[in-house]
2 protein chains.
Amino acid sequence: MSDKILIETSARHVHVTKEHLAILFGEGHKLTNKKDLSQPGQFACEEKVTVVGPKNSLKASILGPERPETQVELSLTDARSIGVVAPVRESGDVAGSGACKLVGPCGEVELTEGVIAAKRHIHFAPADAEKFGVEDKQVVSVKVDTDGRSLIFGDVVCRVSPKYALAMHIDTDEANAALASGEIYGEIVK
Amino acid sequence: MSDKILIETSARHVHVTKEHLAILFGEGHKLTNKKDLSQPGQFACEEKVTVVGPKNSLKASILGPERPETQVELSLTDARSIGVVAPVRESGDVAGSGACKLVGPCGEVELTEGVIAAKRHIHFAPADAEKFGVEDKQVVSVKVDTDGRSLIFGDVVCRVSPKYALAMHIDTDEANAALASGEIYGEIVK
């Protein structure tokens, strides 16, 4: 398994600023850690919000901790179902991205931007990046060998930071296209 | 474009038997052609049914003409959202596939099997198969070069028949994973 990379499927989720958290859940509210994620310090929260688009709405969990910008990560299936635009972007690159409304138990936030479909990517700690021979921002392809829907994902961005742990992230559309369920692994093909 | 193959995205849909059509839409009901599809004789219908699973339900169009077996083709996102199992299968291979209920304006049909996620495939007329050097049931890979989510689909089944016209069919999850919208083309890589 040493040349393989764990692939994790990110369900739709929301990152929030402190300010938006206070509006949605009330002044002084603290996010409740439901489950630690693979990336150090990141966690799925008990808190959920409703993501409202022109056509429909859906529930999404918040991922903590708070961030400098509120960001809604949807699959393209999700985005279409509620009638919002979700450009494929790297996390944090939200300028001019999609709009929606977030509704929490204590209030609402109108986002003029922040809705994206995450660009598929691999998190590397620096030692992992060295081992795999990749650099930050390098674009690679990753082969996934499932039984029935094997494929090779192109346009996979490598992200290298001491804050990261080795894992590839895809969204639910991408996971379904690869018939990826349970613990699956991919292999970089350059 | 001569070495490229048109890729069409199949939204969720239902094929029905004459018997089930009569139950769902009333005795003697004829399917209404809304739009001819790329495959000769196949057409999208005005008629829609509700596909009901244990968790939720969704609307799906019927594709005509009637078939010997009722078959519900969902994306895996759809299947999960309504709580049904949809094994990845070739069209017609419904034995032991997923269960659901279909509801039409005149009646309901309980399907003990028939729900599938379509295995990605290419329809070839015999002359096209010869040109591309493939045989019926051969499994190939198809490269899709979109801006941002390029990929190579593996496990693509070639289906050859004089009844077919050249086109590859993927579902909405697969289209989203490839950022495929509008008219897109793929290239067979063996």
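A salt bridge here is a side-chain nitrogen of Lys or Arg within 4 Å of a carboxyl oxygen of Asp or Glu. By that rule there are 16 salt bridges over all chains. This is a predicted model, where local features need pLDDT of at least 70 and side-chain atom pairs count only at pLDDT 80 or more, while totals for chains, interfaces and linings use all residues. Residues are numbered from 1 along each chain as its sequence is written, chains are lettered from A and ligands numbered from 1 in the order written, and side-chain values use heavy atoms, with hydrogens and water left out.

**Stop 1: inside chain A.** Select Arg12(A) and Asp78(A): their side chains meet in a salt bridge, 3.1 Å from N to O. Arg12(A) is in the loop between strand 1 (5-10) and strand 2 (13-15) of chain A, and Asp78(A) is in helix 2 (residues 76-82), so the pair ties together parts that are 66 residues apart in sequence. Helices (H or I, at least four residues) and strands (E, at least two) are DSSP runs, numbered from the N terminus.

**Stop 2: the whole interface.** Now show both chains. Contact (heavy atoms within 4.5 Å) takes in 22 residues from chain B and 22 residues from chain A. The two chains bury about 1,800 Å² between them, 47% of it on carbon and sulfur atoms; buried area is the accessible area (1.4 Å probe) that two parts lose on being put together, summed over both.

**Stop 3: across the gap.** Four salt bridges link chain B and chain A. For one salt bridge to look at, pick Asp171(A) and Arg149(B), at 3.1 Å from N to O. What supplies the side of chain B that touches chain A? Helix 2 (76-82), strand 9 (108-118), strand 12 (151-160) and helix 4 (172-177) of chain B each give two or more residues. Strand 12 of chain B has the largest share, five residues.

Stop 4: Select strand 12 (residues 151-160) in chain A along with strand 12 of chain B: they pair in the antiparallel sense over three bridges, where pairing takes at least two DSSP bridges. Zoom in on Phe153(A), which stands opposite Leu151(B).

**Stop 5: the symmetry.** A turn of 180° and a shift of 0.0 Å along the axis does it, with an RMSD of 0.0 Å. That is the relation of a two-fold axis. Of the interface residues of chain B, 100% are also interface residues in chain A, so the copies meet through the same surface.

Key: Copies are superposed by least squares on the C-alpha atoms of residues with pLDDT of at least 70 in both.
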